[in-house]
Amino acid sequence: MAERLAQSMGARVKIVKSSWPTLIADFKSKCDLGVGSISITLPRQKQALMSEPYFTNGKTPLMRCEDVSKYQTAEQINQPHVRIVANPGGSNENYARTVLTNAKLTMHPENLTIFDEVIQGRADVFVTGSRSDGESL
């Protein structure tokens, strides 16, 4: 999709590595256009223009298979004994800090390995963004 958009504009695609905490700073100094799964937040809207989203995010809890029945609702997750993990700087952290205030939150800086925290039993739940074409938390 990015390649086709670039071609239509006579531009080229250059992938710039970023993270949620540095997204806007990276965008402002290294990019002309950000593409894909960028949550629209008021602080981001104050610094960059956003297109109309083609879907709205919801939140989906991810857990080990044996724990599926334990963590189906925000109320089940929002308990002091539940260990949740979030990646810093995005809507997942914001959701954890504003909705899951009773659960024990650990921040994990690496998106690619955050799932291992649940798999290895260091966290019970990772609540992540999802399409809202079904019921979500």
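This is a predicted model: local features need pLDDT of at least 70, side-chain atom pairs count only at pLDDT 80 or more; totals for chains, interfaces and linings use all residues.

Student: How many helices and strands does the protein have, and how do the elements run from the N terminus?

Tutor: Helices (H or I, at least four residues) and strands (E, at least two) are DSSP runs, numbered from the N terminus. Here there are six helices and four strands, in the order α-α-α-β-α-β-α-β-α-β.

Student: How does strand 2 relate to strand 3?

Tutor: Two strands pair if DSSP finds at least two bridges between them. Strand 2 (residues 83-86) and strand 3 run parallel and are joined by four bridges, with V85 opposite T106 in strand 3. Strand 2, helix 5 and strand 3 form a right-handed β-α-β unit; right-handed means that, with the strands pointing away from the viewer, the path from the first strand over the helix to the second runs clockwise.

Student: Is H108 buried or exposed?

Tutor: Buried means under 20% relative accessible area, exposed over 50%, and partly exposed in between (1.4 Å probe, protein chains only). H108 counts as buried because its relative accessible area is 13%. H108 sits in the loop between strand 3 (104-107) and helix 6 (114-119). Contact means heavy atoms within 4.5 Å; leaving aside neighbours within four places in sequence, the contacts of H108 include V85, P88 and I114.

Student: And T101, buried or exposed?

Tutor: T101 is exposed, at 52%, and lies in the loop between helix 5 (91-98) and strand 3. Not counting residues up to four places away in sequence, T101 touches N78 and A96.

Student: Which residues have the most contacts inside the largest nonpolar core?

Tutor: A nonpolar core is a set of buried Ala, Val, Leu, Ile, Met, Phe, Trp, Tyr and Cys residues joined through side-chain atoms within 4.5 Å. The largest has 13 residues, and those with the most contacts inside it are Y71, I77, V82, I84, L100, V125 and V127. Helix 4 (74-77), strand 2, helix 5 and strand 4 (125-131) each give two or more residues to this core. Another core, of five residues, lies apart from it and includes V85 and I114.

Methods. Residues are numbered from 1 along each chain as its sequence is written. Side-chain values use heavy atoms; hydrogens and water are left out.
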